[in-house]
Amino acid sequence: MATDNTAVSMQMNEIKSSPLNTYIEYCKKGQLAYQFSLDDNKPVFYPRVVAPKSGSRNLEWRVSKGLGTVYATTTTTDLARDKPVYNVCLIDIDEGFRMMSRIEDIPSDAVKIGMRVTMRMHPGGEKTPPYPVFVPVEHAK
Amino acid sequence: MSQTTLKRGSVAIVGAAESDLGQVAPDMSPVDLMAQATMRALDDCGLKLSDIDGVFAACTQLSMTTSDVCEYLGIQPKYQDSTRIGGSAFMSLLAHAQLALQSGLCSVALITYGSTQRSMTRALASPRENFHYETIYRLRSPVGAYAMAASRHMHQYGTTRDQIAEVAVSARKWALLNPRAWEKDPLTIEDVKKARPVSSPFTVRDCCLVNDGGGAIIVTTAERAKSLKSKPVYVLGVGECMSHRNISNMPDLTVSGAAISGPQAYAMAGVKSSDVKVLGLYDAFTINPILFLEDLGFCPKGEGGRFVEGGRIAPGGQLAVNTSGGGLSYCHPGMYGLMILIEVTRQVRGDAGARQVKGADIGIAHGNGGVLSTQCTAILGSEATV
């Protein structure tokens with residue numbers, strides 16, 4: 001009888017969903033997820049199969065409140081020079097991790113380091129899954 | 001790399017040469033350029049191809065770089081290493097060559113690099129790697145990462161746009177003294193600021209060139225170096241630090257791993273920053289020399305912008321930095337670290353022509369790779385300093 005090697009292999013393996021796919025599943029529910037290392041009492045981001053330094057596999061998925069502070073920012077000229085500029089920034093999230101994102105709703109050159117921002121899930125596109133972007137807290141009220 | 005194993009002055013760079021640079025003949029391959037530079041570097045010291053028994057090479061276009069080099073040149077190496085950590089790889093390879101030479105694993109080491117990224121485009125020569133958590137935001141990498149480091153430095157320390165632009169202006173002044181430099185025209189702070197925007201605060205003039213080019217250095221034991229026709233340039237100290245891979249994981253965007261690699265190299269060399277007469281600081285972008293001057297101890301943290309003002313690192317200034325014209329104005333063939341080692345070697349030999357720094361007996365060649373990710377420092381010295 002023919003064996004489905006893929007199915008057997010999947011049963012034998014420990015990890016059923018990659019860290020990236022789990023992250024994206026949360027994004028699809030409108031949530032910014034991160035991991036928390038229970039052994040180290042520290043957040044882990046980007047998501048991994050083990051915590052850096054300790055190697056702990058005791059990682060719990062948590063959902064961020066989505067609030068943060070702009071740490072660094074740049075206004076990017078599109079490679080196709082006739083397209084609009086866009087923002088890319090690093091944000092220190094209140095739960096204690098840093099991530100790349102962009103600030104929307106205001107001109108990129110109005111994005112200032114230290115600005116308080118809140119997450120909004122971008123719907124993504126045909127080939128792009130949903131992903132978190134941010135808007136100024138003042139603007140969101 | 002353990003600096004307690006490596007011995008100050010145990011090996012020396014005895015041959016150093018560039019290949020063709022800038023825009024090379026159509027359909028030249030990276031290994032064509034490596035071979036050309038290798039023969040020039042051998043001519044420089046009087047060794048033959050058959051003397052090379054250690055091969056150290058890295059190239060974004062050749063995933064098995066040392067295999068390509070050895071096949072092309074007909075070398076069956078006793079020892080080889082293709083470390084790939086971006087533009088700083090060549091300072092790291094110098095440390096690895098030192099370890100191999102000291103251990104007797106080889107006796108004459110070739111370190112070589114070549115790129116045809118201008119001819120074949122950067123997108124093909126250095127394909128982007130996917131990292132979802134950054135790629136999805138369309139960061140223009142590497143420039144956007146360095147631009148964010150600049151934004152943070154400006155915010156935290158009051159570094160000004162003009163100070164950052166002055167790094168490019170100083171590099172251009174040095175390039176005008178170097179006949180092999182790509183850029184031939186003067187540049188002002190206003191020119192830098194008014195150039196085409198790329199990723200704020202940077203314009204295209206804050207970014208390194210995209211050139212073809214390559215080079216080679218020959219390294220051997222201090223003992224063997226003494227019998228050769230060239231003036232040996234000794235490896236006094238080396239250090240390296242890998243702080244992150246992606247910019248969103250850099251612990252502090254205003255402090256590079258040079259703050260770790262520098263002190264390692266100083267400790268091994270037994271020298272201080274004030275002993276260093278000439279500096280090659282990997283200037284992929286204008287913020288780099290500012291960060292590295294701070295992290296290598298030439299000024300306090302946060303003072304780099306003010307430090308470079310008033311032509312201090314330009315020809316005639318108090319500190320000679322990037323005397324070839326740097327990656328900004330001389331030649332940047334993708335992984336520029338080897339070109340820095342070649343220039344600092346020439347300066348320490350006293351062979352740098354119109355741009356020679358007087359009394360340049362100790363020099364620093366500092367390499368940077370990725371997005372400030374890997375930092376490798378080499379301190380080179382003349383015979384008198386050993």
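Residues are numbered from 1 along each chain as its sequence is written, and chains are lettered from A and ligands numbered from 1 in the order in which they are written. In this predicted model, local features need pLDDT of at least 70, side-chain atom pairs count only at pLDDT 80 or more, and totals for chains, interfaces and linings use all residues.

**View 1. Chain B as a whole.**
Chain B holds 15 helices and twelve strands. Helices (H or I, at least four residues) and strands (E, at least two) are DSSP runs, numbered from the N terminus. The C-alpha atoms fill a box of roughly 55 × 45 × 40 Å along the principal axes. Of the 386 residues, 61% count as buried. A residue is buried if 20 or more other C-beta atoms lie within 10 Å of its own, exposed if 12 or fewer, and partly exposed in between; C-beta atoms are placed from the backbone.

**View 2. The ten-stranded sheet of chain B.**
This open sheet runs in the order β3-β2-β4-β7-β1-β8-β12-β11-β9-β10, with mixed pairing. Its edge strands are β3 (79-81) and β10 (320-321), and each pairs on one side only. Two strands pair if DSSP finds at least two bridges between them. Strands of a sheet pair through backbone hydrogen bonds, either parallel or antiparallel.

**View 3. Strand β7(B) and its partners.**
Eight of the nine residues of β7(B) are buried. β7(B) pairs with β1(B) in the antiparallel sense over seven bridges. There, B:G15 has B:I218 as its bridge partner. β4(B) also pairs with β7(B) in the antiparallel sense, over eight bridges. B:G114 is bridged to B:G214 in β7(B).

**View 4. Strands β11(B) and β12(B), with helix α15(B).**
β11 (residues 362-369) and β12 (residues 374-381) of chain B pair in the antiparallel sense over eight bridges. B:I364 finds its bridge partner, B:I379, in β12(B). Helix α15 (residues 337-349) of chain B lies across several strands, including β11 and β12. Helix α15(B) runs at about 175° to β11(B). Axes are lines fitted to C-alpha atoms, for helices over the stretch in contact, and angles run from 0 to 180 degrees between N-to-C directions.

**View 5. Helices α1(B) and α2(B).**
Helix α1 (residues 30-45) of chain B packs on α2(B) at an angle of about 60°, with the axes 10 Å apart. The two are therefore oblique to each other. Angles under 35 degrees count as roughly parallel, over 145 as roughly antiparallel, 65 to 115 as roughly perpendicular and the rest as oblique. Among the residues that meet are B:V31 and B:M34 in α1(B) and B:D68 and B:Y72 in α2(B).

**View 6. The surroundings of B:M148.**
B:M148 lies in helix α7 (residues 143-157) of chain B. B:M148 counts as buried because 28 C-beta neighbours lie inside 10 Å. Leaving aside neighbours within four places in sequence, B:M148 is in contact with A:A72, A:T73, A:T74, A:L90, B:I247 and B:L253. Two residues are in contact if their C-beta atoms, placed from the backbone, lie within 7 Å. B:P201 is 53 residues apart from B:M148 along the chain, and their C-alpha atoms are separated by 8.4 Å.
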